[in-house]
Structures are given as C-alpha cells and as structure tokens.
Amino acid sequence: LGNEVNVTLYSPPLPEFDYSMVVIFLIAVFTVALGGYWSGVAELENLKAIASPGERETRWKKEENVTFTPVTVILFVVICCVMLVLLYFFYKWLVYVIISVFCLASAMSLYNCLAALIGEIPFGQCRITCSNKTIEVRLIFLAIFCIAAAVVWAVFRNEDRWAWILQDILGVAFCLNFIKTLKMPNFKSCVILLGLLLLYDVFFVFITPFITKNGASIMVEVAAGPFGNSEKLPVVIRVPRLEHSPSTLCDLPFSLLGFGDIIVPGLLVAYCRRFDVQTRSSSIYYISCTIAYAVGMVLTFIVLALMKMGQPALLYLVPCTLITSSLVAWRRKEMKKFWKGSSYQVAWRP
C-alpha cells in the first residue's frame, strides 16, 4: 500500500431550497394573522362593554391583558439580553428551566386558545358546583387534555421523528396567547419595542462572533443548542428538512424559526387590528401589516439561501412592518392618532 494512505470523505451538498421553509412560512403568517385577529375580537368586546355599563364590570373581571408601556418595553428587552447571555454560559442547567417554563406556559396557552373555540359551541355546557363556583365539565376535560399534551411532549421531546409536530402545536398556541394577551398601547411603543429588539437580534447574531472565543454567534448557538448537548431549547418552530438528501439518512436536520420572530411583529399586527376596530377603518392597517410580515419572511428566506448562514429575521421583518404601517397611517392622514394610540377610544359607540 505504500508509506502514505489518503482517505477522503464525500458529503453531498444540501439543496439550495427546502420545502420546510414553505411550511415555516405558512405557520408563521397564520399565527401572526390569527393572533392579530383574536386581539381585535377582544378589543371589540372591550369597547362594547364600555358602551354598555351593564357588561362593563363583567368584562373587566374577564380581562387578562397586559399593556406594555415604553418603560416596560425597555425592561423587557434588558431581560431578554440577560437571559440570552446566561443561557450561553450556563446552557446545560438553564435549558431544563426553560423546558419546564415552556411546558407550563404552553399548556395554559393551549387551554386559552381551545377554550375560546369551545366557548362558541352552544351545546355541552353542563356544569358542576364546587366551593360556590360553577365550572363547565368540558373545560375540566380540556384542562386535562392540555396538561397531558405538554407532559407527553416533555417526556418524548427528543423523539425527532414526531415530537416536533407537538412542539409546533404548543408553540403556535403559546405565540397566539402571547400576541392576544400583551397589548401595545400605541405605535410609539411598537417602534421602541421593535427597534430595540432589532438591535438585540443583529448584535447577538452578527456582532457576537467577534467577541466569543470560538467565533460563534451567541444567538445561533443558543437556538441550535451547543455542540454535544442533546437538549434543545423549545422556543422555536421546528420543521424537518423535507428534501431527500444523504444527510437525512443518519440525521434529521431541522429548519428553525424563533418564537420572537413571530411574537414581536405579531404585537404590531395586533395593534393595527385593534386600531382598525377603534377607528372602524375596515381592516386596512391589519391586512397591510400582515402582508408586510409575509413579504419580510420571504425576504428573510431569500437572504438565508444566498448567504448560507443564520439570519436575524427581525432585520427584515421589522422594517417591512413598521414602514408599511407608517405609510398607511400617513396616507390616511391618521398618523397622530396612530402614534398616540387609544386615548380617544372611550368615545366609541356601537
């Protein structure tokens, strides 16, 4: 054989485009559109309650929304930065904390989403009384089902062949509930939140490789999981690559989209929908912002395919949605109202 033996391994390249991107696109746009619409429905019910004194107290008791102010927006971004850095340095311990929080939050979110649907069904409303409170039996079974779904995912979360489906269902429910629950009071708060998170996303994807010892992006490494760690963060939408290739024989590579890339623009879409309801503007803000989000997603995938490296999706989603919303408000001569928000909505009448 001689004194030297050369061994070469051949790895066929992955295809430029994979159909999993289409699935992620549909999931993301569907979640943002539905979350915005649900927020608008809640806003319409609130305005009807304000106009009807008899319903006001009952509606306020049911109201579970949290309103973001500029101060809480800045605090929220700071917390995100601290959590990401802590995850980078203490991943193997904190990943289990995130998994536990995700199971609890996703079970509650799935319950809220399905309960809203079940509430529209006029039959099967038998109740039981416990401690002077009446509870619908179907809601008890629904709560058991949601808890069971979260537990099943937690037990089989590393089963790549099918657990991603359950993770995506729980993730969509989490994002929907988040978009509906968190209210942006005005466009000013939206600009502050989306602008700061855009800088946060760009810094931790593009700038941190110049800081870390191994030259890795903190955001990408935390999202994909450090090398050698089998546990992955559940705060992403995961879809396996659908294009057949030799690499799928030994491994099942996934395309990922973080929850933040759905929730953050989704909060702006929800604000646009609520503004439509308040001003009776026939959904023009909501529809245009949703279309802008879809365009931003397509742009993200194009750049991802061309550069062949992880991209901060907010770099493309934030400008698309903010600029589109601003142009619609400017064209309709409503920029002042759109910027300041809902200080005038008390005058709404059915």
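Mentor: Start with E231 and R157, which form a salt bridge with their closest N and O atoms 2.9 Å apart. A salt bridge here is a side-chain nitrogen of Lys or Arg within 4 Å of a carboxyl oxygen of Asp or Glu.

Trainee: Where do E231 and R157 lie?
Mentor: E231 is in the loop between α8 and β5 (236–240), and R157 is in the loop between α5 (137–155) and α6 (163–181), so the pair ties together parts 74 residues apart in sequence. Helices (H or I, at least four residues) and strands (E, at least two) are DSSP runs, numbered from the N terminus.

Trainee: Before I go on, what am I looking at?
Mentor: It's a predicted model: local features need pLDDT of at least 70, side-chain atom pairs count only at pLDDT 80 or more, and totals for chains, interfaces and linings use all residues. Residues are numbered from 1 along each chain as its sequence is written, and side-chain values use heavy atoms, leaving out hydrogens and water.

Trainee: OK, how many salt bridges does the structure hold?
Mentor: Five. One of them joins E43 to K183, at 3.3 Å between the closest N and O atoms.

Trainee: New topic: what does I218 touch?
Mentor: Beyond neighbours within four places in sequence, I218 contacts L84, Y88, F204, T208 and T212. Contact means heavy atoms within 4.5 Å.
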